[in-house]
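Please consult the sequence and the structure shown below.

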Amino acid sequence: MEDTIIADLRKRMDGSLHSLKHSLNGLRTGRASASLLDPIKIEAYGNLMPINQVGTVSVPESKLISVQVWDKSQVALVEKAIRESGLGLNPMSDGNLVRVPIPDLSEERRKELSKKAHEYGENAKIAVRNVRRDGMEAFKKLEKDKQISEDTSHARCDEVQKLTDEFIKKIDQAVVDKEKDIMTV
């Protein structure tokens, strides 16, 4: 019982870390990356869809992303969604192909993106702390219901805290790595 609680907590904390890394991949670093367009959704066929479900996203050059849109009627929507995404990109269409040149980042924009990375990191830490709280409550409840001893409860709560510290450290490292990546000219 206790081990399944710890395993569940680890899985949930790992999910928070994975979500953070996915969010950080969406932040521009001055180099083209297909994952840069992942958060962008377009209204297609009556649904909000990610760009990679209406076309093929590729990176033919280090400063260019191309989207080969499968349905010609969706080209204008893809172009508009990229332009209005807040990523500072200016796409150009050529038939079914949407080219997205990646401009160099200004120092001010780099600082903004760095702040955004820290914001994502803080949200991930909050999620991990919420998971910790759930774990602590689960062990306190088991102790209260006399299913485990007080010593076992304290030991497991310490284990939950160590797990939390481990994931907080991983989150901090991911943010530091992304910040270094963003600030590299």
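A pocket is an open set of grid points where a 1.4 Å probe fits, with protein on both sides within 12 Å along at least five of seven lines. The model under discussion is predicted. Its largest pocket holds about 270 Å³ of space.

**Largest pocket**
- Helix H1 (2-25) and H3 are the elements that give two or more residues to the lining of the largest pocket.
- H3 supplies the largest share of that lining, with five residues.
- The lining comprises 16 residues, and by class these are six nonpolar, six polar and four charged.
- Nearest the centre of the largest pocket lie Gly-26, Leu-27, Pro-39, Leu-87 and Tyr-120.

**Lys-125**
- Helix H3, which spans residues 107-144, contains Lys-125.
- Lys-125 counts as buried because its relative accessibility is 14%, and buried means under 20%.
- When residues up to four places away in sequence are left out, Lys-125 touches Ile-168, Ile-171 and Asp-172.

**Aromatic rings**
- Zero aromatic pairs are found when the whole structure is searched.
- The ring of Phe-167 has Lys-170 over its face, at a distance of 4.8 Å from the ring centre.

How values were computed: Residues numbered from 1 in each chain as written. Predicted model: local features only at pLDDT ≥ 70, side-chain atom pairs only at ≥ 80, totals over all residues. Heavy atoms only, no water. Phe/Tyr/Trp six-rings, centres within 6.5 Å; stacked < 30°, edge-to-face > 60°. Lys NZ or Arg CZ within 6 Å of the ring centre and 35° of its normal. Helix = DSSP H or I, 4+ residues; strand = E, 2+ residues; numbered from the N terminus. Buried < 20%, exposed > 50% of the residue type's maximum accessible area, 1.4 Å probe, protein only. Contact = heavy atoms within 4.5 Å. 1 Å grid on protein atoms, 1.4 Å probe; cavity = no way out; pocket = protein on both sides within 12 Å on 5 of 7 lines; lining within 4 Å. Points joined across faces, edges and corners; volume = space filled by probe spheres on them. Nonpolar A, V, L, I, M, F, W, Y, C, P; charged D, E, K, R; others polar.
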